[in-house]
Amino acid sequence: MRVLACRTDNDGDVLLTGPAVRALAASAEVDVLAAPAGAGAARLLPGVRDVLVLDPPWSGYAPPAVDAAALDAFVAEVRGRAYDAAVVFTSFHQSPLPLALLLRLAGVPRLAAASEDYPGSLLDVRHRREAPGLPERHEVEAMLDLAGAAGFALPDGDDGRLRVRDDLPDARAALGGALPAGPYVVVHPGASVPARAPLPGQAAEAVAQLAAEGRAVVVTGGPGERELTARVAGRRGTDLGGRTDLPLLAAVLAGADAVVVGNTGPAHLAAAVGTPVVSWFAPVVPAARWAPYGVARVVLGDQAAACAGTRARECPVPGHPCLAGVDTPRLVAAVDALAPIPTPGGAP
């Protein structure tokens, strides 16, 4: 059986869909359809045979204009692969129906998705994500629930946590000695959505205080965040801004004692490699759905702030109080709780 698993969001969203993809892969050959912003994460997921890429005009922070030729080419490619089924994974506020229509045009005979909108003949399995009166579930659990409704389950022994492939690069070899020789903590100050990131000065103070208690601190960020990571690292941290692609970042996070990060993709990447997470978590989206999953974690930030539930991309409240109110001693204490500093004798 050949199945197409679809998640056309960012890297973090794709990582959270990973356990559901493994459920599909337990009894089928699985390809993943991802957006350009999530294709890197899709290639890291266990159980994935191939990754298709589509930049959909109905999704993303800066969606492209409708391109009939590109959509026709996508339909032709999917038709040529002759999938037996597809499962369209979406967040609670997204519609799966535009993609379902294209998949129907491509001849996919069985489609499953969660949809509040009437799907007509577009879906064979119309799943409801939230049951009335029940608490909202984490994104991972909601995606697994959809996979179950489509007839797929995790195999025995799979605990449903996030995972990436085992063949990550050797971070120390790849970075030419830039990583500290001993234990280290990662601080990742940026985010694709500015409202979900800490203030730069706040992140810089965290690096300085973690270093002051004797920790080696590594600061990570993408190519467009070099100025930010240089500022945050200062003289006390190791600046890796722009030096890691996604597999190498996963390897750096896997070697860390803990990761301090906002609600963004690297938080979920840290969870996928099993590293404890201290999360600067702005409540513009609910922590119940989006907090780091399946690892030791501390979620910091005022979850009842005025921005709660707004899904704002830019902070709607002057001063970013939901995260600015997280004082550095509390953050350092959270890191110490998750990753105690070893004593000279070797015991924590």
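**Aromatic pairs, ring contacts and the open sheet**

Q: How many aromatic pairs does the count come to?
A: Rings of Phe, Tyr and Trp (its six-membered ring) pair if their centres lie within 6.5 Å. By this rule, the number of aromatic pairs is zero.

This is a predicted model, in which local features need pLDDT of at least 70 and side-chain atom pairs count only at pLDDT 80 or more, while totals for chains, interfaces and linings use all residues. Residues are numbered from 1 along each chain as its sequence is written, and side-chain values use heavy atoms, without hydrogens and water.

Q: Over the ring of which residue does the charged end of Arg 289 sit?
A: A charge sits over a ring if NZ of Lys or CZ of Arg is within 6 Å of the ring centre and within 35 degrees of the ring normal. The charged end of Arg 289 lies 3.7 Å from the centre of the ring in question, that of Phe 92.

Q: Why is one side of β3 and of β6 left without a neighbour in the sheet?
A: Strands (E, at least two residues) are DSSP runs numbered from the N terminus, and two of them pair if DSSP finds at least two bridges between them. Six strands form an open sheet with parallel pairing, in the order β3-β2-β1-β4-β5-β6. β3 (48-53) and β6 (125-127) stand at the edges, so the reason is that each has a single partner strand.

Q: Which residue in β2 does Ala 5 stand opposite?
A: Strand β1 (residues 2-7) pairs with strand β2 (residues 29-34) in the parallel sense, over six bridges. Opposite Ala 5 stands Val 32.

Definitions and conventions:
Helices (H or I, at least four residues) and strands (E, at least two) are DSSP runs, numbered from the N terminus. Rings of Phe, Tyr and Trp (its six-membered ring) pair if their centres lie within 6.5 Å; planes under 30 degrees apart count as stacked, over 60 as edge-to-face and the rest as tilted.
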